[in-house]
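Take your time with each point and keep the picture open as you go.

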Amino acid sequence: MRPTAKFSLSFGLVTIPVAAYNATDPTAAVSFVRIHTADGGRVRNQPVCSLEGTEVSPDEIGRGYRTDDDAVVPLTDDDLDALPLPTAKTLTILAFVAGGDIDPLQMGKGYYLGADGPAAAKPYALLRDTMERHQRVGLGKIALHGRETLAMIRPVAAVLVMQVLLWPHQIRPMTGVLPEGEVKVAANEVRAAETLMDSFGELSEDDVHDHYREALEEIVAAKLAHREPAFEAGEERPAGQVHDLMAALQDSVRAAQRARGETEGTEGADGTAGSGGGARPAGRTATRTAPRKSTAARKTAERQPAKRAAAGTAKGGTAAKKSAAAKRTGTKGAGTKATGSGKGAEKTAGTARGKAAAKQTTGRGRKAG
């Protein structure tokens with residue numbers, strides 16, 4: 001790779017000469033050219049002078065700054081090099097912050113920073129290892145391609161990476177983007193969404209593969225060969241507006257379980273598949289629920305013979321019923337009387353013991369006096 005720029009990285013009083021390399025490949029993305037639909041001819045963007053109306057060669061094209069009153073002031077490379085800015089040749093780290101403090105909306109193009117020369121290797125490794133150890137990123141400013149920009153320095157594996165950042169005023173406000181009115185989300189819907197999140201697996205190589213580019217290349221190859229494009233039949237995802245949010249969440253959890261070959265769980269109290277009281281995978285809940293069902297089935301089976309026996313006894317006759325009822329009534333009465341007698345005896349004995357104890361206490365008091 002050829003470096004796109006060379007400058008110094010300032011870390012306190014430590015200066016590190018670095019070379020910046022493009023970290024991304026714009027040619028790897030899908031791109032199209034404009035054509036004339038009538039005959040397929042290329043439609044090109046040709047630089048034309050607005051005053052002369054003639055095409056201008058690349059070596060005749062320079063820079064100009066447009067003012068508020070639409071006047072254009074020519075600027076040369078010497079004018080830009082004469083800017084009294086330390087960021088023209090040096091990226092000075094101004095602060096070290098946590099990576100999570102950087103708004104992802106500000107992140108722009110990325111560059112690999114390589115140590116420019118043997119003398120830069122040790123301070124380069126020192127800065128990289130220190131930021132890696134303390135989980136911090138460096139923030140500074142640098143002038144690239146004729147304009148000053150914010151930049152973030154962070155360690156990635158064994159390399160320092162510079163990420164160009166947009167200025168805060170370049171981030172548009174969120175006015176008109178948020179939904180109108182207050183939106184309330186129920187607790188069971190949040191639990192269902194957490195269950196769905198837990199059902200997602202990790203990213204695979206197929207997930208981060210550019211299938212769109214392959215499909216586009218197949219269409220191009222089919223057109224060149226005058227044949228129909230050959231595509232594998234994929235699963236068609238349902239589309240349309242969701243009217244029942246809970247049902248959509250439950251169906252999503254079950255679909256994710258089927259995709260991984262797991263057993264679907266039973267619905268929990270909040271209506272989610274296997275959610276229970278928290279965000280647990282549905283497969284685990286199904287494993288715990290199965291023994292409860294078998295226990296309930298055994299209890300039901302045990303009650304069936306008792307019911308049959310009761311039905312047989314009912315057929316025994318009226319006389320037997322009366323006799324059994326009389327016996328039960330007599331037993332209960334005797335038990336009640338015995339209980340009453342027992343309670344009375346206990347009460348009498350308790351009273352006698354209380355009087356005796358009182359006499360003894362009185363006697364001791366008199367002796368002591």
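1. Which residues are buried in helix 2? They are Pro123, Tyr124, Ala125, Leu127, Arg128 and Met131, where buried means under 20% relative accessible area, exposed over 50%, and partly exposed in between (1.4 Å probe, protein chains only). Helices (H or I, at least four residues) and strands (E, at least two) are DSSP runs, numbered from the N terminus.

2. Before going further, a word on the source. This is a predicted model, in which local features need pLDDT of at least 70, side-chain atom pairs count only at pLDDT 80 or more, and totals for chains, interfaces and linings use all residues. Residues are numbered from 1 along each chain as its sequence is written, and side-chain values use heavy atoms, leaving out hydrogens and water.

3. Now the overall view. The protein has seven helices and nine strands, and 19% of its 369 residues count as buried.

4. Back to helix 2, residues 121-134.

5. Next, look inside. The largest nonpolar core has 21 residues, and Phe7, Leu9, Leu91 and Met162 touch the most other members. Such a core is a set of buried Ala, Val, Leu, Ile, Met, Phe, Trp, Tyr and Cys residues joined through side-chain atoms within 4.5 Å. Helix 2 supplies at least two residues of this core, and so does each of several strands, including strand 1 and strand 5 (90-97). Leucine 91 touches, among others, Phe7, Leu9, Ile142 and Met162, not counting residues up to four places away in sequence.

6. The model has seven salt bridges, each a side-chain nitrogen of Lys or Arg within 4 Å of a carboxyl oxygen of Asp or Glu. One of them joins arginine 63 and aspartate 77 (2.5 Å, N to O). That pair links distant parts of the chain, with arginine 63 in strand 3 and aspartate 77 in helix 1, 14 residues apart.

7. Compare another pair, arginine 213 and glutamate 217, whose side chains meet at 3.3 Å, N to O. Because they are four residues apart in helix 4 (residues 211-224), about one helical turn separates them.

8. Finally, glutamate 218 forms a salt bridge with arginine 227, their closest N and O atoms being 2.8 Å apart. Glutamate 218 is buried at 18% relative accessible area, whereas arginine 227 is partly exposed at 38%.

How values were computed. The expected span of a helix is 1.5 Å times one less than its number of residues. Contact means heavy atoms within 4.5 Å.
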